[in-house]
Amino acid sequence: MAISRKPNRLAQTAVIKKILKRCSSLGKKQGNGEQQQQGLPLDVPKGHFVVYVGQNRSRYIVPISFLTLPQFQSLLHQAEEEFGFGHDMGLIIPCEEVVFQSLISMLR
């Protein structure tokens, strides 16, 4: 019996769209237009988004292309389960900072 992967892919697409929408709307609440570029803080280049990692919530700017990678999607699912995506802090990744840095270095 063949198992269809469409529902899983649709769920992944929905999560990615939710994250992109959330990340692109974060800056809109952070100040006036001079401090923002397309709804994001000025230090976030186009094609990137901000995540917060570890106990100290260290801030990382990562490429949007990471959203499609299975390793990063695993972190996103954990983030959604633990923190959800409906808060003002930004995207919080429930991961040790050292582990996140290691993963990022492998993905680049």
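**View 1. Strands β3 and β4 pair in the antiparallel sense.** In this predicted model, strand β3 covers residues 48-53 and is joined to β4 by six bridges. Within this pairing, Val50 has Ile61 of β4 opposite.

**View 2. Three strands make up an open sheet.** The strand order is β4-β3-β5, and the pairing is mixed. Strands β4 (58-63) and β5 (91-93) are the edges, each pairing on one side only. On average, neighbouring strands are turned by 40° against each other, direction ignored.

**View 3. Helix α2 lies across the sheet strands β3, β4 and β5.** The helix spans residues 70-82. Its direction runs at about 105° to β5.

**View 4. Helix α3 packs on the sheet.** This helix comprises residues 97-107 and touches β3, β4 and β5. Its direction makes about 20° with that of β4.

**View 5. Helix α3 buries Phe100, Leu103, Ile104 and Leu107.** Down the axis of α3, these buried residues fall within an arc of 100°, so they line one face of the helix. The spacing follows a general rule: an α-helix has 3.6 residues a turn, so residues three or four places apart point the same way. The cover over the buried residues of α3 includes strands β3, β4 and β5, along with helix α2.

**View 6. The face of α3 turned away from its buried side carries exposed residues.** These are Val98, Ser105 and Met106.

How values were computed: Residues numbered from 1 in each chain as written. Predicted model: local features only at pLDDT ≥ 70, side-chain atom pairs only at ≥ 80, totals over all residues. Heavy atoms only, no water. Pairing = 2+ DSSP bridges. Helix = DSSP H or I, 4+ residues; strand = E, 2+ residues; numbered from the N terminus. Axes fitted to C-alpha atoms, helices over the stretch in contact; angles between N-to-C directions. Contact = heavy atoms within 4.5 Å. Buried < 20%, exposed > 50% of the residue type's maximum accessible area, 1.4 Å probe, protein only. Arc of directions from axis to C-beta.
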